[in-house]
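Thanks for asking me to look this one over.

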Amino acid sequence: MKKPEKLIENGKRLDGRVPDEMRPLKIEAGILERADGSAYVELGANKVLAAVYGPREMHPRHRQQPDTAVLRCRYNMAPFSVDERKRPGPDRRSVEISKVTREALESVLFLELYPRSVIDVFIEVLQADAGTRTAGINAASVALADAGVPMRDMVSSIAVGKIDDTIVLDLTKDEDQWGTTDMPIAMVPRKKLVTLLQMDGHFTKEEFGQALGLAFKACEQIYGIQRQALREKYAIKQEK
Amino acid sequence: MLYVQNRELVVPGQLIAEGSYNVREGAFREGKQVYASVVGLAELRGQDIRIIPLQGRYIPKPGDVVIGVVVDSYYSGWILDINSPYTGNLFVSDLLRRKVDLVREDISQYLSMGDVVVAMVKDVNERMRVQLEAGEPGMGRVKGGKLVEISPAKVPRVIGRKGSMLNTLQDVGECKLRVGQNGRIMIWGKNPRMINAVVEALLMIEREAHISGLTDRVHLMLEKIKSEGGE
C-alpha cells in the first residue's frame with residue numbers, strides 16, 4: 001500500500017472510525033482444552049491467543065525462587081501473521097515484548113502465594129494489524145484469571161498515537177506506519193496504575209496528557225469486556 | 001456493607017464488601033475494602049468472606065486427604081506426586097506409625113514406584129515443603145480399584161451438599177469411593193459395569209459442574225445404566 005494523502009478525512013479515519021474510537025473488541029475465555037487457562041482476543045484484524053499453565057513446578061530447578069512464584073511470558077508471532085512471512089522464532093522485538101508483557105502483568109499477581117513454582121504465559125499472535133502487544137496483554141490477563149491465579153485486578157491495555165497531527169485511539173497497521181507517534185499503554189483499571197508505557201515518536205506535554213486520557217477511557221471499556229468474558233464462561237446455567 | 005449476594009459469581013478485582021470482615025481465601029483487603037482475587041462464588045457467612053474458586057491447581061493444606069502416586073524414594077521415605085505444583089514427602093515412620101531402624105530394615109518392601117497412596121497432609125511449611133502421613137486406618141497403599149483424576153476445584157461438587165452427591169454415587173453406583181482433595185478419586189466395586197458408570201458420572205460432574213440440578217441428573221444416569229442390567 002502507498003502512503004495515502006490524508007490519514008484523516010472529514011474527521012473519519014481510513015477505516016471509517018472517529019479519532020477516539022476503538023476497533024471492535026471480542027474476548028472469549030477458556031477456549032483451550034489442555035491449558036489451565038486461556039483466552040482468545042480479536043481487536044479489529046488482530047487475532048491473538050493466550051494460554052496459561054501453572055502454577056507448576058519450576059524447571060530448570062535453579063531458577064526457582066524460594067519465597068515466590070516466577071512469571072514467564074512468551075510473546076510469539078506466527079510466521080503467517082503478517083503480510084511478508086515472518087521468520088519463526090524469537091527475535092529482538094518479540095524478546096522485548098515478552099519482557100514488557102511480563103512486567104505489565106507481574107504486579108497484579110499474588111506470586112508470593114506459590115513459592116518455588118512458575119506460571120507460564122504464552123501469547124501467540126495469529127494475525128497482526130498493529131497493537132498486538134496490547135491485545136496480547138488483554139488476552140493474557142483474562143487467561144490468568146481463567147486459570148484461577150489470584151490477582152489484585154485485571155490488566156487492560158490499548159495503544160494511542162498521533163496521525164495527521166491528531167491524537168487517535170488504537171492505531172491500525174497503516175496508521176502506525178504512516179503516523180508520527182504510537183504509544184501502547186497497559187493499566188490496572190481499578191487503581192488507575194500504569195504498568196506499561198512505551199512510545200515511538202513524539203508528543204508535546206499537552207498531547208501526552210490528552211493521549212493518556214483517551215487510553216484511560218478505552219481501558220475502562222476493555223476492562224468491562226474482559227470481566228464479561230469471564231462471567232460468560234463461569235455463569236451458572238439452568239438445566240434445560 | 002456488602003456489594004454482592006451470597007453465592008454470586010465474582011471476578012478478580014471486584015469489590016465485595018467494605019468494613020471489618022474476616023477475609024479468607026480468594027479475597028484480599030485494601031484499606032477498608034475487600035476485593036475478590038479469583039473467579040468464583042462469593043461465600044458470605046456472618047463476618048467471614050471467602051471465594052469458592054471455580055478453577056485452579058490444588059494447593060496442599062494441613063488436614064487435607066490426598067491421593068498420591070509414588071514417583072521417587074530416598075533413604076527414609078518417598079516422594080509422592082499429589083497433582084499439585086508441589087510434591088509430597090512421606091517418611092516411613094509416618095506410613096507405619098512406628099520407629100523404623102533404617103539400617104536393619106529395607107523400606108522398599110512397603111512402597112514402590114507407581115504405587116497409589118491415600119495420605120493426609122500433616123504439615124506444609126512456608127516454602128511449601130509438604131509433609132504427608134498415612135498411618136490412620138483406611139490410609140496407606142491402595143490395593144485394586146480404579147483411579148480417576150478431575151479438576152481439584154470440582155471436588156466440592158463430587159462430595160455435594162452434606163455429602164449428597166457422594167452418597168448418590170456410592171449407593172446407586174454400588175461402589176466405594178475415596179475422594180482426595182487434590183482431584184484424585186479411588187473407586188472400588190464388584191461390578192465393572194457400575195464402576196465404569198461411576199467414572200462416567202464423575203467426568204460428567206466435572207464437565208457440567210456449572211449447570212444446576214446436577215445431583216438429580218447423576219442419579220438418573222446411574223439408575224438408567226443400572227436398570228439396563230447385564231453383567
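This is a predicted model: local features need pLDDT of at least 70, side-chain atom pairs count only at pLDDT 80 or more; totals for chains, interfaces and linings use all residues.

1. Let's start where the two chains meet. Chain A brings 34 residues to the contact and chain B brings 30. Between them the chains bury about 2,800 Å², with 56% of that on carbon and sulfur atoms. On the chain B side, the residues that lose the most area to chain A are B:Q55, B:R57 and B:H210, which together make up 19% of what that side buries.

2. Which salt bridges cross between the chains? There are three between chain B and chain A. One of them joins A:R190 to B:E30, with the closest N and O atoms 3.1 Å apart. That pair runs from the loop between strand 10 and strand 11 (193-197) of chain A to strand 4 (residues 27-30) of chain B. B:E30 also forms a salt bridge with A:K191, where the closest N and O atoms are 3.7 Å apart.

3. Over all chains, the whole structure holds 37 salt bridges. One to look at inside chain A is the pair A:D129 and A:R23, at 3.2 Å from N to O. A:D129 sits in the loop between strand 7 (117-127) and helix 2, and A:R23 in the loop between strand 2 (12-13) and strand 3 (25-29), so this pair ties together parts of chain A that are 106 residues apart in sequence. Are these two residues buried or exposed? Both A:D129 and A:R23 are buried.

4. Back in chain A, salt bridges with shared partners link A:R13, A:D15, A:R17, A:R23, A:D129, A:D170 and A:E175 into one network.

5. Last, the second largest pocket, which has about 520 Å³ of space. It is lined by 23 residues, and those closest to its centre are A:R93, A:A130, A:R133, A:D176 and A:D182. Helix 2 (132-146), helix 3 (173-178) and strand 10 (181-188) of chain A each give at least two residues to the lining. By class, that lining has eight nonpolar, eight polar and seven charged residues.

Notes:
Residues are numbered from 1 along each chain as its sequence is written. Chains are lettered from A and ligands numbered from 1 in the order in which they are written. Side-chain values use heavy atoms; hydrogens and water are left out. On a 1 Å grid over the protein atoms alone, a cavity is a set of points where a 1.4 Å probe fits but cannot get out, and a pocket is an open set with protein on both sides within 12 Å along at least five of seven lines; lining residues have an atom within 4 Å of a point. Grid points are joined across faces, edges and corners, and a volume is the space filled by probe spheres set on the points. Helices (H or I, at least four residues) and strands (E, at least two) are DSSP runs, numbered from the N terminus. Ala, Val, Leu, Ile, Met, Phe, Trp, Tyr, Cys and Pro count as nonpolar, Asp, Glu, Lys and Arg as charged, and the others, Gly among them, as polar. A salt bridge is a side-chain nitrogen of Lys or Arg within 4 Å of a carboxyl oxygen of Asp or Glu. Buried means under 20% relative accessible area, exposed over 50%, partly exposed in between (1.4 Å probe, protein chains only). Contact means heavy atoms within 4.5 Å. Buried area is the accessible area (1.4 Å probe) that two parts lose on being put together, summed over both.
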